[in-house]
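Q: I'm new to this one and would like to learn how to read it. Could we go through it feature by feature?

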Amino acid sequence: MTADSSPLAPYAANEAASRGRVHAEPPPVLRGEYQRDRDRIIHSTAFRRLVYKTQVFVNHEGDLYRTRLTHSIEVAQIARTIARALRLNETLAEAICLAHDLGHTPFGHAGQDALNDCMKPYGGFEHNLQSLRVVDELEERYAAFPGLNLTFETREGILKHCSLNNARQLGELGERFIQRRQPTLEAQIANLADEIAYNNHDLDDGLRAGLIALDGLREVPLFRRQHEAVLERYPGLQGRRLIHEVVRRMINYVVTDLVETSRAALQAAAPASAEDVRKRSAVLVQFSAAVAAEHLELKNYLRDHVYRHYRVLRMTNKANTVIRSMFDSFFARPELLPDEHFQAAKQLEAKSGEIGRARAVADYIAGMTDRYAIVEHERLFDPAKRS
Ligand code: MG
């Protein structure tokens, strides 16, 4: 039995078999280990900053769009439903989802691309790896260790992708990328819950922003099917209630498919433990082939009509300018950094030269919220603003 009082499947991640924390700690008294991870994530500074970080739309464009905080909560909520339906560890899945975007830059995907571009000569910038860096090193909250000292399983789930080069430097955590193995089922769920959440909320936000319209979306089978079903049941329904009714059914449809397909895959493979799951070369949490194809169609539609809409591209362009110019200035003259970050730059530079200095600048920029980045950019370049 778990803290959630439902019996776990034998292949669920089980904290009794956890690979533990880097710094040994006494076990929690009132909570389980993964509950402790989740709570540490929620109390972190990086988690609170997610409220002012963009998903697709810049934070000041409107109060109604998703931010990284609401995105992370939606991902966790979808993952918990799937984990519970499959008798997997709901708390671990939740912890992974709440932490998965902690390393994200300001200005959404645009910011990540811009910072990665700046960091190309110095080892690159990858937001999954940065999320890990936040929970392993950058958070300063506990007397006994740097970072949040999370369990191996939560850290394994946070590291969704990783280049081979980086994997070689990560020890046990990087092994699966080298050996082409899989993480726990809870981590596999977090990956797909992320996709389900952003496909559906970016559609919703895209409609709200007027970048796309219902008529055009009817090209997308996943949308069209639910749209028709809703109008058949509620003829004349319009506006926000129509959109939300369609979107919630779309989520329900793909989640149900995911649970049924994964349940069948688990039955067929019958892994004896979470370790058994890790040894496999292919994932077990998956959509049916038909739904995977439809999901991809939706994603492509959003890419062409939302992420490449000229209004979004203008934002991308501004983000690029802001991040590039800040990076270049701070890298050339680290003494322009606020003192704490200047000290970090000196320390990292003493250890690994220019690569270290660049990393400290990237840490500072990645930690910024959208509005902090805009203000900091003004303080650097607008002579009329206070420095
Ligand atoms: Mg995400």
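Q: Let's start with Arg180: is it buried or exposed?
A: This is a predicted model, so treat what follows as a reading of that model. The cut-off for exposed is over 50% relative accessible area. Arg180 has 62% relative accessibility, so it counts as exposed. You'll find Arg180 in the loop between α9 (175-179) and α10 (185-208).

Q: What about the backbone there: what is phi of Arg180 near?
A: Phi of Arg180 is near 55°. That is a positive value, and Arg180 is a residue other than glycine.

Q: Which value does phi take at Phe107?
A: Phe107 isn't a glycine either, yet its phi is positive, at about 60°. Look for Phe107 in the loop between α4 (90-99) and α5. Buried means under 20% relative accessible area, and Phe107 has 4%, so Phe107 is buried.

Q: Now helix packing. At what angle do α6 and α17 pack?
A: For a helix pair, look at the angle and at the distance of the axes. Helix α6 (residues 127-138) and helix α17 (residues 339-366) pack at about 110°, and their axes are 12 Å apart. Angles of 65 to 115 degrees count as roughly perpendicular, and therefore α6 and α17 are roughly perpendicular to each other.

Q: Which residues of α6 and α17 meet?
A: From α6 come Gln130, Arg133 and Leu138. On the α17 side they meet Leu348, Arg359, Asp363 and Ala366. By type, the residues of this contact of α6 with α17 are three nonpolar, one polar and three charged.

Q: How do α16 and α18 cross?
A: Helix α16 (residues 310-332) and helix α18 (residues 370-381) have axes that come within 10 Å and cross at roughly 50°. That makes α16 oblique to α18. The crossing of α16 and α18 is also left-handed.

Q: And which residues make the contact of α16 and α18?
A: On α16, go along Thr321, Val322, Ser325, Met326, Ser329 and Phe330. Facing them in the contact, α18 brings Ala373, Glu376, His377, Leu380 and Phe381. The residues of the contact of α16 with α18 split into six nonpolar, four polar and one charged.

Q: Let's move on to rings. How many aromatic pairs does the structure hold?
A: A pair of aromatic rings is described by how far apart the centres are and by the angle of the planes. This structure holds five aromatic pairs. One of them is Tyr122 with Phe331, a tilted pair at 4.9 Å centre to centre with 40° between the planes.

Q: Where do Tyr122 and Phe331 lie?
A: Tyr122 lies in the loop between α5 (108-119) and α6, while Phe331 is in helix α16, so the pair ties together parts that are 209 residues apart in sequence. Both Tyr122 and Phe331 are buried.

Q: Why is the pair of Phe330 and Tyr364 edge-to-face?
A: The planes of Phe330 and Tyr364 are at 70°, with ring centres 5.5 Å apart, so the pair is edge-to-face. Phe330 is in helix α16 and Tyr364 in helix α17, so this pair ties together parts 34 residues apart in sequence. Both Phe330 and Tyr364 are buried.

Q: Which rings are linked into a cluster?
A: Ring pairs link Tyr122, Phe327 and Phe331 into a cluster.

Q: Now single residues. Is Ile96 buried or exposed?
A: Relative accessibility is again the number to read. For Ile96 it is 0%, so Ile96 counts as buried. Ile96 sits in helix α4. Leaving out residues up to four places away in sequence, Ile96 touches Glu153, Thr154, Gly157, Ile158, Glu186, Ala187 and Ala190.

Q: How many residues apart in sequence are Ile96 and Ser72?
A: They are 24 residues apart in sequence, and 9.7 Å apart in space, C-alpha to C-alpha. You can read Val51 and Arg68 likewise: they are 17 residues apart along the chain, with their C-alpha atoms separated by 6.1 Å. Val51 is in the loop between α2 (45-49) and α3 (68-85), and it is partly exposed, with a relative accessible area of 30%.

Q: Last one: where is Arg263, and what is it in contact with?
A: Arg263 is in helix α13 (residues 239-269). With a relative accessible area of 38%, Arg263 is partly exposed. Apart from its neighbours within four places in sequence, Arg263 is in contact with Ala85 and Leu86. Arg263 and Glu126 are 137 residues apart in sequence, and 32 Å apart in space, C-alpha to C-alpha.

Terms used
Residues are numbered from 1 along each chain as its sequence is written. This is a predicted model: local features need pLDDT of at least 70, side-chain atom pairs count only at pLDDT 80 or more; totals for chains, interfaces and linings use all residues. Side-chain values use heavy atoms; hydrogens and water are left out. Axes are lines fitted to C-alpha atoms, for helices over the stretch in contact, and angles run from 0 to 180 degrees between N-to-C directions. Helices (H or I, at least four residues) and strands (E, at least two) are DSSP runs, numbered from the N terminus. Angles under 35 degrees count as roughly parallel, over 145 as roughly antiparallel, 65 to 115 as roughly perpendicular and the rest as oblique. Contact means heavy atoms within 4.5 Å. Ala, Val, Leu, Ile, Met, Phe, Trp, Tyr, Cys and Pro count as nonpolar, Asp, Glu, Lys and Arg as charged, and the others, Gly among them, as polar. A crossing is left-handed if the near helix is turned anticlockwise from the far one by less than a right angle, and right-handed if clockwise. Rings of Phe, Tyr and Trp (its six-membered ring) pair if their centres lie within 6.5 Å; planes under 30 degrees apart count as stacked, over 60 as edge-to-face and the rest as tilted. Buried means under 20% relative accessible area, exposed over 50%, partly exposed in between (1.4 Å probe, protein chains only).
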